[in-house]
Amino acid sequence: MTAEHNDNNNSIIKIALNLAFACIISGIIIGLVYYFTADIAKQKQLELQNLALQSIVQGADKYTPIPGKPGCYTATKGNEIIAYIIPAESKGYAGPVKLLVAVTPDNKVIKYTIIESKETPGLGDKAAQPQFADQFAGRTADELQVNKDGGTIQAISGATITSRAVTKAVKNAVDVAASITKGGK
Amino acid sequence: MKGYWDIFSKGLVLENPIFVLALSLCPALAVTTSVVNALTMGLTVTFVISMNNLIVSIVRNWVNPKVRVPIYITSIATIVTVAELLLQAFAPLLYKQLGIYLSLVVVFAIILARAEVFASKNRPFPSFIDGFGMGCGFTLAMLIVGVIRELFGNGTILGYTVLGSWYPPALIFIMAPGAFILIGYLVGAWNIWSARIEKAKGERGETI
């Protein structure tokens with residue numbers, strides 16, 4: 001590199017312009033892609049959510065959001081409420097565990113699905129499998145505790161923390177459902 | 001053609017990103033608890049590193065050397081963000097699975113390293129091949145670690161049970177300490193292997 005070349009290329013303005021130009025180009029590209037994909041992404045998100053709702057409460061023909069409770073839905077069949085769908089979250093072994101819980105109008109658990117979790121594969125992620133998940137069906141809030149803590153839920157061996165987290169989240173969801181049914185009466 | 005093959009294949013064995021260059025070890029430990037995770041991460045990195053090498057090489061004559069690193073990072077971040085937006089719109093399920101890993105790709109040392117070491121000094125096509133080779137080497141290493149960890153730690157591969165119920169899973173393999181131990185042994189094995197390759201090449205009188 002010659003001295004002249006040095007002076008020419010290394011003035012602070014030139015360097016700054018160089019970087020700024022690169023950032024502007026990248027900004028334009030991202031902006032354009034966002035402009036064209038944002039609507040499609042939103043639509044896909046909604047479809048995905050509906051799919052999750054359908055998988056958890058079968059046989060319902062309408063899902064209506066519950067006012068004042070973000071993320072909560074009532075599943076109705078005809079004019080009869082068959083279930084409340086409540087999102088729940090609690091701290092697992094490797095981060096938050098997010099669930100969707102379906103609760104009957106008399107506050108019993110129907111089932112849950114795990115929407116998001118980072119639990120250890122082979123240990124904590126067994127919480128999504130029927131051996132563990134099926135235990136929750138028909139339980140009321142009082143019964144929802146891991147057997148180590150004196151409840152009725154058989155914890156997954158080697159994954160007590162995850163079992164506790166899921167149980168606690170489901171219990172919270174039942175409590176939320178209870179407050180909704182109370183409020184409705 | 002042979003030149004391109006050499007550029008491609010050095011990423012696989014002799015300069016394998018994980019086992020030899022020892023770059024991006026953190027994700028190799030964190031993500032390889034199952035084969036699916038390891039594979040998706042590997043493919044994502046392969047895509048980003050190839051594209052980034054291509055772009056860095058195309059713009060290499062306009063980038064001021066003093067700000068080259070921020071510009072490379074901007075380029076990586078742009079590619080990742082665009083990929084994220086596209087996945088969100090057209091493959092939301094895949095996007096959900098990749099989740100945090102995708103954003104992590106921005107700070108992968110191996111991608112920046114290849115931009116600096118190779119793409120900034122070479123023409124676009126060889127740079128692309130270099131990135132692709134490095135990506136494949138990374139994927140290969142991730143797969144090796146992932147297969148061993150999932151097989152011994154959970155008795156499954158890709159979720160299918162391989163070792164039956166008679167096998168008590170060695171949980172340490174899917175925990176972080178198991179990953180450290182395993183990678184240590186694999187690096188050792190890799191060194192023995194690549195030393196053999198180099199020796200064989202030396203005996204044939206080829207330069208390495």
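Thr74(B) is found in helix 4 of chain B. The residue is buried, with a relative accessible area of 16%, a value that falls under the 20% limit for that class. Leaving aside neighbours within four places in sequence, Thr74(B) is in contact with Ala22(A), Cys23(A) and Ser26(A).

**Confidence**

The complex is a predicted model. The predictor assigns it an ipTM of 0.72 and a pTM of 0.75. For chain B the mean pLDDT is 84, and 97% of the residues reach 70 or more.

**The interface of chain A and chain B**

On the chain A side 25 residues are in contact with 26 residues of chain B. The size of an interface is often given as the accessible area lost when the parts come together. Here the area buried between chain A and chain B is about 2200 Å². Carbon and sulfur atoms give 76% of that area.

Which elements of chain A each supply at least two residues of the side that touches chain B? They are helix 1 (3–10) and helix 2 (12–56) of chain A. Helix 2 of chain A gives the most to this side, with 15 residues. The count of salt bridges between chain A and chain B is zero, while three residue pairs are in polar contact across the interface, both residues at pLDDT 80 or more.

**Nonpolar cores**

The largest nonpolar core has 30 residues, and Met41(B), Ile111(B) and Met142(B) touch the most other members. Several helices of chain B each supply at least two residues of this core: helix 2 (25–31), helix 3 (35–58), helix 4 (68–90), helix 6 (109–117), helix 7 (124–154) and helix 8 (176–203). Not counting residues up to four places away in sequence, Met41(B) touches Val31(B), Tyr101(B), Val105(B), Phe108(B), Phe138(B) and Met142(B). A second, separate core of 27 residues includes Ala127(A), Phe136(A), Val170(A) and Ile180(A).

Helix 6 of chain B holds the buried residues Ile110(B), Ile111(B), Ala113(B), Arg114(B) and Ala115(B). Their cover includes helix 1 (2–10), helix 3, helix 4 and helix 7 of chain B. Arg114(B) in this group is also a salt-bridge partner of Asp130(B).

**Salt bridges**

The structure holds six salt bridges over all chains. Three of them are listed here.

| Salt bridge | Closest N and O atoms |
|---|---|
| Lys10(B) with Asp130(B) | 2.6 Å |
| Asp130(B) with Arg114(B) | 3.0 Å |
| Arg139(A) with Glu143(A) | 3.9 Å |

The pair of Lys10(B) and Asp130(B) links distant parts of the chain, from helix 1 to helix 7 of chain B, 120 residues apart. Lys10(B) counts as buried at 18% relative accessibility. Is Asp130(B) buried or exposed? Asp130(B) is buried, with a relative accessible area of 1%.

Asp130(B) also forms a salt bridge with Arg114(B). Because Asp130(B) lies in helix 7 and Arg114(B) in helix 6 of chain B, this pair ties together parts that are 16 residues apart in sequence. Both Asp130(B) and Arg114(B) are buried. Salt bridges that share partners join Lys10(B), Glu15(B), Arg114(B) and Asp130(B) into one network.

In chain A, Arg139(A) forms a salt bridge with Glu143(A). Glu143(A) counts as partly exposed, at 30% relative accessibility.

**Backbone angles in two loops**

Most residues other than glycine have a negative phi, and most peptide bonds are trans. Asn107(A) has a positive phi of about 65° although it is not a glycine. Asn107(A) lies in the loop between strand 4 (96–103) and strand 5 (109–116) of chain A. With a relative accessible area of 21%, Asn107(A) is partly exposed.

In chain B, Ala22(B) has a positive phi near 55° and is likewise a residue other than glycine. Where does Ala22(B) lie? Ala22(B) lies in the loop between helix 1 and helix 2 of chain B. Ala22(B) is partly exposed, with a relative accessible area of 43%.

Note on methods. Residues numbered from 1 in each chain as written. Chains lettered and ligands numbered in written order. Predicted model: local features only at pLDDT ≥ 70, side-chain atom pairs only at ≥ 80, totals over all residues. Heavy atoms only, no water. Core = buried A, V, L, I, M, F, W, Y, C linked by side-chain atoms within 4.5 Å. Buried < 20%, exposed > 50% of the residue type's maximum accessible area, 1.4 Å probe, protein only. Helix = DSSP H or I, 4+ residues; strand = E, 2+ residues; numbered from the N terminus. Contact = heavy atoms within 4.5 Å. pLDDT = per-residue confidence, 0-100. Buried area = accessible area lost by both parts, 1.4 Å probe. Salt bridge = Lys/Arg side-chain N within 4 Å of Asp/Glu carboxyl O. Polar contact = N/O pair within 3.5 Å; in protein donor to acceptor, adjacent residues only side chain to side chain.
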